[in-house]
Amino acid sequence: VAAVEPLPERRSLLAAALPFTQALLAQVGRTLARAQAALAWPEGSPPSPLPPPPPSPFAPLSDADLRSYLGPGGRLLRPHDLRLHVYHGGVEPGLRKVVWRYLLNVFPAGLSGQERLAHLRRKAGEYATLKALLAARAAPAELALVGAAVRKDVVRTDRGHPYFGGPEDGHPHLAALQALLTTFALGHPRLSYCQGMSDVAAPLLAVLDDEAQAFLCFC
């Protein structure tokens, strides 16, 4: 093909396209050179650090902040503002036990403080009944299969955390994590248990320190 003399029309088209092609190749070459230079730092000389992120518009949610979102009787009046505050600033660790229940929709809207406590007590009783009922109704083979799948993850989830550390035998927190995940799997047979669910449930249980409430938040 290179030896064939191009026609006059084809020669004119090639001549017109040549400057653009050369400019494009030159630009690609410069880009590659910059990329190679950026990646080829001298040994022990990291690139310039990225600029720090802009400061958060909110500090972590404090007890005073939380009270500002509550009205008479402890009713949550501004749930959207509460969520925005947590989204931008997070929550002080000591308040997570309280705030996560709001964020995960454990409470119906408009409950007072006393009504929320009564709601939690009622739901704890319902959970205990559900757990016993599902375990009694499940076929032994299904119960063994689900329990084994859950156990495989439970014994290796967050074991470096003090809440889950220590020997496996008779560990109350591992038993609670096992129970709430098994109850969820038996109550949702189409979904059952999936690997990684323990990684979601474990921090809920560690923060709330209550199996029934962790189950509600997990659901």
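# Exercises: pocket, core and loops of a helical chain

The lining of the largest pocket holds eight nonpolar, two polar and three charged residues. Nonpolar here covers Ala, Val, Leu, Ile, Met, Phe, Trp, Tyr, Cys and Pro; charged covers Asp, Glu, Lys and Arg; the others, Gly among them, are polar. The model is predicted: local features need pLDDT of at least 70 and side-chain atom pairs pLDDT 80 or more, while totals for chains, interfaces and linings use all residues. Residues are numbered from 1 along each chain as its sequence is written, and side-chain values use heavy atoms, without hydrogens and water.

## Exercise 1: the fold

Describe the secondary structure of the chain and the share of its residues that is buried.

Solution. 
- Count the elements. The chain has nine helices and zero strands. (Helices are DSSP runs of H or I, at least four residues, numbered from the N terminus; strands are runs of E, at least two.)
- Read along the sequence. The pattern is α-α-α-α-α-α-α-α-α.
- Take burial next. Of the 219 residues, 28% are buried. (Buried is under 20% relative accessible area, exposed over 50%, partly exposed in between, with a 1.4 Å probe and protein chains only.)
- Finish with the contacts. Among those with a separation of 6 or more, 62% join residues 24 or more positions apart. (A contact has heavy atoms within 4.5 Å.)

## Exercise 2: the pocket

Give the volume of the largest pocket and name the helix that gives the most to its lining.

Solution. 
- On a 1 Å grid over the protein atoms alone, a pocket is an open set of points where a 1.4 Å probe fits, with protein on both sides within 12 Å along at least five of seven lines; lining residues have an atom within 4 Å of a point. Points are joined across faces, edges and corners, and the volume is the space filled by probe spheres set on them.
- State the volume. It is about 220 Å³.
- Go to the centre. The lining has 13 residues, and Leu76, Tyr102, Phe107, Pro108 and Ala109 are the closest to the centre.
- Assign the helices. H3 (79–89) and H4 (96–103) each supply at least two lining residues. H3 gives the most, with three.

## Exercise 3: the core

Which residues touch the most other members of the largest nonpolar core?

Solution. 
- Define the core. It is a set of buried Ala, Val, Leu, Ile, Met, Phe, Trp, Tyr and Cys residues joined through side-chain atoms within 4.5 Å.
- Among 42 members, Leu61, Leu177 and Leu181 touch the most others.
- List the suppliers. H3, H4, H5 (113–137), H6 (140–154), H7 (172–187), H8 (197–208) and H9 (211–218) each give two or more residues. H7 gives the most, with nine.
- Check the domains, whose bounds come from an automatic or database assignment. Domain 1 (56–105) and domain 2 (113–218) each contribute at least three residues.
- Beyond neighbours within four places in sequence, Leu181 contacts Val150, Val154, Tyr193, Met197, Ser198, Ala201 and Phe218.

## Exercise 4: helix H9 and Thr183

Is H9 mostly covered or mostly open, and which residues does Thr183 contact?

Solution. 
- Count in H9. Seven of its eight residues are buried, so the helix is mostly covered. They are Glu211, Ala212, Gln213, Ala214, Phe215, Cys217 and Phe218.
- Find the cover. It includes H4, H5, H7 and H8.
- Turn to Thr183, in H7. This threonine counts as buried because its relative accessibility is 4%.
- List its contacts, leaving aside neighbours within four places in sequence. They are Tyr127, Leu130, Lys131, Leu134 and Phe215.

## Exercise 5: the loops

Which phi values do Asn105 and Asp209 have, and what does Leu111 contact?

Solution. 
- Recall the background. Most residues other than glycine have a negative phi.
- Take Asn105. Its phi is near 60°, a positive value. Asn105 sits in the loop between H4 and H5 and is exposed, at 58% relative accessible area.
- Take Asp209. Its phi is near 55°, also positive. Asp209 sits in the loop between H8 and H9 and is partly exposed, at 48%.
- Move to Leu111, in the loop between H4 and H5. Leu111 is buried, at 17%.
- Trace its contacts outside four places in sequence: Gly74, Arg75, Leu76, Arg116 and His119. Leu111 and Gly74 are 37 residues apart in sequence, yet 7.9 Å apart from C-alpha to C-alpha.
- Follow one partner. His119 lies in H5 and is buried, at 5%.
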